[in-house]
Amino acid sequence: MGSLQINRRLPVLEIITLWIVITSCFFEGGECKNHHHHRRHHHHHQNWAGGNGRGHEEEAVYGPVGSRAHTAVLTDFGAVGDGVTSNTAAFTAAVAHLAQYELDGGAALVVPPGRWLTGPFNLTSHFTLFLERGAIILASQNISEWPTIDPLPSYGRGRDLPGPRYSNFITGYNLTDVIITGNNGTIDGQGKIWWDKFHNDELNYTRGYLVEIIYSDHVVISNVTFVNSPSWNIHPVYSSNVIVSGITILAPIDSPNTDGINPDSSSDVHIEDSFIVSGDDCVAIKSGWDEYGIAFNRSSERIIIQRLTCISPTSAVIAIGSEMSGGVRDVIAEDITAINSESGVRIKTGVGRGGFVKDIFVRRMSLHTMKWVFWMTGNYGQHPDEHYDPNALPEISGINYLDVYAENVTMAARLEGIKGDPFTGICISNVTAEVIDPKKLQWNCTNISGKSIHVSPTPCALLPDQGSNATQCPFPGDKFTDSVKNKYYSTRRI
Ligand SMILES: *[C@@H]1O[C@H](CO)[C@@H](O)[C@H](O)[C@H]1NC(C)=O
Ligand SMILES: *[C@@H]1O[C@H](CO)[C@@H](O)[C@H](O)[C@H]1NC(C)=O
Ligand SMILES: *[C@@H]1O[C@H](CO)[C@@H](O)[C@H](O)[C@H]1NC(C)=O
Ligand SMILES: *[C@@H]1O[C@H](CO)[C@@H](O)[C@H](O)[C@H]1NC(C)=O
Ligand SMILES: *[C@@H]1O[C@H](CO)[C@@H](O)[C@H](O)[C@H]1NC(C)=O
Ligand SMILES: *[C@@H]1O[C@H](CO)[C@@H](O)[C@H](O)[C@H]1NC(C)=O
Ligand SMILES: *[C@@H]1O[C@H](CO)[C@@H](O)[C@H](O)[C@H]1NC(C)=O
Ligand SMILES: *[C@@H]1O[C@H](CO)[C@@H](O)[C@H](O)[C@H]1NC(C)=O
Ligand SMILES: *[C@@H]1O[C@H](CO)[C@@H](O)[C@H](O)[C@H]1NC(C)=O
Ligand SMILES: *[C@@H]1O[C@H](CO)[C@@H](O)[C@H](O)[C@H]1NC(C)=O
Ligand SMILES: *[C@@H]1O[C@H](CO)[C@@H](O)[C@H](O)[C@H]1NC(C)=O
Ligand SMILES: *[C@@H]1O[C@H](CO)[C@@H](O)[C@H](O)[C@H]1NC(C)=O
């Protein structure tokens, strides 16, 4: 197992330094300052999001997904980027105007440098929202500007409170071909008022999410920074062919439910090259809640996560559940780095959820300062109401973890299945957890079954060691990952 030493060369110091910078932004009196320069490039707007070719300036970054026949700039609609003037009317007018080009090559709305305050707004199809470097879209802190909307059918009610929920900040509803991208501009939810009211029980409805893409397909969210969401950050739900690439998500580590990316009853979702610091799970894969999720019956499947870096001291790097009643299957996660997080991968479920979690494959995790490397919880609790079915048991099977190195670990694993409904087919191979106190119990397993190969410290008896000649746990080939990524391009209709 000498090869594991290689992990010690990871840039832990750099990462910790970054972590200190980030936390000091949040905790030492206010906002992170944006140091980017505003540049003179308004005459190039056709290029910023148009993608028709001439842009070789350092900022002219637009991938193959960026081309649109029509481009407008937010200021064309009377917007004022002073951080004070409300631009709700400008965003609404801009999207309504650009919607006319849906079937005529599509359109991009360019948000130039500035602080653009606005209430919630909706996107349209064949549309790119392009945030230039130094562009900051600020969410209104006037709660009267946030309409209420129906709860999600697979949840039956708002997640925080029964009944409807506040609008998301940016919503894509029933769309095809939507892109949120740019040169690392920022979408700032200004969530503090929501967190405070949530903690003080002053809200009448569930908090909105920063970006929700619902009943949509062919969605790209890339090269943008998301900060201070009122609640979950990126929520693709009932959607397919979603790429999340090169994004940064920052929320104070004590902010409530600020999950990073939550694919929910969605398929063919590819998350890559992203950095998340949050007060809840960095990624949480979901599919509806108890009887509502069972009735809605839409799974999350073919979810690929690659090259994710996460800091989540009170939650998981990757969670599955707790709302998983429509089922979660075919999840691949690889090349995951975490610093100071509660658990590496966590499966959360309970009696009443129904559904399934199966065929989960995670490899090459490098974890630094963890409470648990692996955690499965079969008694998560939290039901939408009293009407959940106590006979609806989740099926958890085929969970594979390979090639994991973890240091400064409090406990290697806590794996709790459900009495009479054991979690099966757990396979753990080539894992080293450097634990803080080897004399303490390191594996606490109940109601699970599976096996282990080359795992240290020695796993519980319910995961018997297969001997030194046994082969690794299975992992799908690159073909599978590529097929998910390529499906976006091969099925996109412009
Ligand atoms: C994100 O930006 C990088 C350059 O920084 C660029 O290569 C890439 O194409 C962009 N990705 C998307 C999906 O727009
Ligand atoms: C966005 O669209 C949804 C669905 O049509 C609607 O319920 C909601 O009120 C719209 N939000 C805004 C801010 O216009
Ligand atoms: C808050 O928004 C409501 C509804 O748009 C508006 O009537 C009110 O003037 C706003 N309040 C402030 C302080 O801007
Ligand atoms: C979404 O699409 C469905 C089916 O086409 C339609 O019935 C519904 O009215 C649409 N909803 C919105 C808010 O656009
Ligand atoms: C984007 O901006 C965020 C916040 O300022 C920063 O942490 C991140 O490194 C930037 N990403 C890129 C690719 O420049
Ligand atoms: C919640 O409802 C109560 C009673 O209608 C009202 O006084 C209060 O302002 C509402 N809170 C918010 C945050 O809208
Ligand atoms: C849920 O959907 C799957 C296919 O998507 C189907 O096989 C299954 O029978 C459905 N379950 C229920 C309870 O309708
Ligand atoms: C075991 O995992 C480590 C990463 O933690 C990796 O470097 C090594 O190559 C793996 N060993 C085998 C035999 O796959
Ligand atoms: C190790 O973990 C403990 C918490 O269990 C933490 O206080 C300590 O700072 C960590 N040490 C290092 C070197 O990261
Ligand atoms: C082990 O887990 C069980 C629940 O599955 C719990 O009741 C018990 O306290 C745990 N033991 C230790 C030593 O953590
Ligand atoms: C489940 O775990 C409990 C607590 O360890 C144990 O008493 C029980 O026998 C287990 N049930 C099954 C079916 O494995
Ligand atoms: C492992 O394989 C080697 C070579 O085939 C064999 O000599 C050895 O006995 C095997 N060890 C075990 C524990 O099966």
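Which residue in β10 does Phe-121 stand opposite? Phe-121 faces Ile-170.

## About the model

This is a predicted model: local features need pLDDT of at least 70, and side-chain atom pairs count only at pLDDT 80 or more, while totals for chains, interfaces and linings use all residues. Residues are numbered from 1 along each chain as its sequence is written, and chains are lettered from A and ligands numbered from 1 in the order in which they are written.

## Overall make-up

The protein has 6 helices and 28 strands. Both are DSSP runs numbered from the N terminus: helices are H or I with at least four residues, strands are E with at least two.

Of its 494 residues, 56% count as buried (20 or more other C-beta atoms within 10 Å of the residue's own, with C-beta atoms placed from the backbone). Take the contacts (C-beta atoms within 7 Å, placed from the backbone) with a separation of 6 or more: 76% of them come from residues 24 or more positions apart.

## A parallel sheet

Back to β5: this strand belongs to an open sheet of 4 strands, paired in parallel in the order β5-β10-β13-β16. β5 (121-122) and β16 (234-237) are the edge strands with a single partner each, so one side of each has no neighbour in the sheet. Strands pair if DSSP finds at least two bridges between them, and β5 has 2 bridges to β10 (residues 170-173).

## The nonpolar core

A nonpolar core is a set of buried Ala, Val, Leu, Ile, Met, Phe, Trp, Tyr and Cys residues joined through C-beta atoms within 7 Å. The largest one here has 131 residues, and Leu-109 and Val-373 touch the most other members. Strand β24 (residues 356-377) gives this core its largest share, 13 residues.

Beyond its neighbours within four places in sequence, Val-373 has contacts that include Gly-344, Leu-367, Val-404 and Ala-433.

Technical notes: Buried ≥ 20, exposed ≤ 12 C-beta atoms within 10 Å, placed from the backbone. Contact = placed C-beta atoms within 7 Å.
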